[in-house]
Every structure is written in structure tokens, then in C-alpha cells.
Amino acid sequence: MAHHKISPSALPMLEKCIGFESDGETSPYAQQGTDEHKVLESLLNGEKVEQVPDSVKYAHDLILQFVGGFEEYLKPEVSIGIMSSTFTTIYGTVDVCMVNDDGDGMVIDYKSGQKRDYWAQLKAYGLGLAQAYDLNNVQTVVIYGRQHCYESDIFEAEDLQKDFDALIEKYLRKHEDKEARTPCEYCKWCLHKSNCKARTKAVKEVAPEDKKDLLKGIRADMNLKKIDGEKLGRLYQFSKVIADFADDVKKEVKERLENEQKVTGYELKKKAGKTSISDPVGLFHKSGIEPEKFIKLCSISPSKAKKLGVDYEEFTKKGKESVEIKEVEKNPKEKEN
Ligand code: SF4
């Protein structure tokens, strides 16, 4: 039996591009995700937690609803092995699982971040549970705490095995298959992003005819970290063309969704409006605090200060300097060439 170091959490990426390897960079939200998982685990273990984030509270309530009546069978943070038909085994930890005496099995995974297609991971956990308890089918649930929503499906163990086998087989043969790399939304977190032939080739293919000159001499197997400054300048100019195109596509998607037209795989999500203080005078009177203290809580912009007609310069401070990329004016001689 071959043990493999792939984590089930990498399966959604590998399903999209079998060449994906994490660049190892952690997102600023990773710690928050870890903390939320710990709180959820404590709650499920019946421990008291002083401050429960809203997202975790939602997940905890939902989990109890899902396992309703079978709480005693619920197990948080369970290590699970998943084996392919050719005996390649991977290991992971599922947030919650449950198998009752009637042979009903369920795996639940909590996500603290954005909604994505996590089915490859969920199905792998489901298969691991089916293998461990000899189940015919498993219910899988993914909960998105921040968005207060979930997705759930029931899979036959036989189908789970077939899907897992196909993915593992593809992974083990990835070095033989030259076309295996597929650009996708995970490229930006991939170790190969700077020198991935498939990614550069895909970008070159969408280049508009009149912009193809910008890509002259830039090969699909170039390494972004090593190409010279002249080529990088042209590539940057080209990337702005693509970015404008992407903006247009985004605008069209938004317009259609707003008009209730279908755009496969996407929907509009409502964002709460920003709260602002509309009546600072009313707030001041109600607060009962001294004017000086109250004023310190307020902010005033230089443009508003200008309207006071007093010299306000000595009361200002400069923000931190930043940089931006600016196009250099070519001299006339260069332009002629
Ligand atoms: S950069 Fe290349 S290998 Fe990495 S995910 Fe994108 S296409 Fe796949």
C-alpha cells in the first residue's frame, strides 16, 4: 500500500489543474480560519467558549440540526485515510463526521473563506468514511460560515471510489502527460505561476491581433522572474490590455445577473452598505462627553479645513509614501524608430 503526501484539501485544486503545487504563501486570513476551526471544535466537544464568532455560531447550530437526534455519534476533528483501488492512500482530518447504528454516514467540512468548488475534498472524506465503516452511501456537507450558507449532497460509495481513483490516477501520471496543466483560478497560488508554459500559452492565445506585437520573442516557457526588462515592459503593457478585457467581462456578468439573466456558475451576493454617522451633533449631545474628547473621535479632511478660512497646515500630518507604476514618456527619437 502506497502512502501519498497529497492532502485532501489540495484535491479541489488538483481537480482543476493536476500540475498545481502550492507556493506555500499563507494568506492573512489563514490564522483566522484556524482560530474559527478551534472554536468550532471546542463547541462540538461541549466546552464553554467566551466569544463565538457569528460565522462559527451559524455552523455549530447547523451541524446540530444536521445530526439531529444522533449527537452522541458526532465526532469532531477526525483523522481519516482514503484509499484508491490501486492502494494509494492519502490522509486528512475531517472537521465533523457521524455514523449512527443504522449505517447513516455524514461528513461535514467548515469553510471560513470564500465559496468555491470543494466537492473533490468533500467526496474524498466521504469515501474515507464509507471505507472505514463499510457504508453504501454518505452525506457530505460543506458549511460557509461567513456567508451563512451550506451545500449538501448524498453520494454512493461506488461513485466516490470511481471519482477518487480517476483523480489519483491522473495525478500519478501527470509527468507523462504534457497537456496535463490547465490554467485556472488557482494559478495565482501555484508554485509554477512564474514559469508555467500552459499559463503563458493560454494568455498568448487570447491576445488580440493588433496587440500580438507586444508578445514578440516572449516564449510560452519563459520564466517571468528571469526575462529582461524590455520584454517585461511589453508584457506589462499587454497585461493591461487583458486586465481591461477582464473588466469588460466582469461588467457584462454583473449587468446580466442584475437583469436576472443566467450566467452559469455565478450569482449576485448582497453586501451590506457601509454605516456612517449621519448626525454627529445629535450623537455628541446624547454621549454627554466633553467637547474636546468628542472632537478627538472625529476626523476632518484638509478640504473641509480649508473652508474654515484659517491656516490649518500646522495641524496636518503626511500619510505614508507609496509608489505606483507610471509610463515613461518616450523621447521623440525613440518614437521615430
Ligand atoms: S500555474 Fe500552471 S501548473 Fe500551476 S495551476 Fe496554473 S496552469 Fe496549473
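## Chain architecture and ligand shell

Among contacts between residues at least 6 apart in sequence, 58% join residues at least 24 apart in this chain. The model is predicted. Its secondary structure amounts to 11 helices and 6 strands. The radius of gyration is 27 Å, well over the 20 Å that the globule rule gives for 337 residues, so the chain is more spread out than a compact globule. The C-alpha trace spans about 80 × 70 × 40 Å along its principal axes, and buried residues account for 21% of the 337 residues.

The ligand is surrounded by 15 residues, of which Cys17, Gly19, Cys187, Cys190 and Cys196 are the closest. Domain 1 (2-172) and domain 2 (194-258) each contribute at least three residues to this shell. The composition of the shell by class is as follows.

| Residue class | Number in the ligand shell |
|---|---|
| Nonpolar | 9 residues |
| Polar | 3 residues |

The selected residue is Lys193, located in the loop between helix H5 (157-172) and helix H6 (197-205). Lys193 counts as partly exposed because it has 15 C-beta neighbours inside 10 Å, a count between the limits of 12 or fewer for exposed and 20 or more for buried. Leaving aside residues up to four places away in sequence, Lys193 touches Cys187, Lys188 and Arg199. One of these, Cys187, is also among the residues closest to the ligand. The C-alpha atoms of Lys193 and Pro183 are separated by 9.5 Å, the two residues being 10 apart along the chain.

Methods. Residues are numbered from 1 along each chain as its sequence is written. This is a predicted model: local features need pLDDT of at least 70, side-chain atom pairs count only at pLDDT 80 or more; totals for chains, interfaces and linings use all residues. Helices (H or I, at least four residues) and strands (E, at least two) are DSSP runs, numbered from the N terminus. The radius of gyration is taken over C-alpha atoms; the globule rule is 2.2 Å times the number of residues to the power 0.38. Two residues are in contact if their C-beta atoms, placed from the backbone, lie within 7 Å. A residue is near a molecule or strand if its C-beta atom, placed from the backbone, lies within 6 Å of it. Ala, Val, Leu, Ile, Met, Phe, Trp, Tyr, Cys and Pro count as nonpolar, Asp, Glu, Lys and Arg as charged, and the others, Gly among them, as polar. Domain bounds come from an automatic or database domain assignment.
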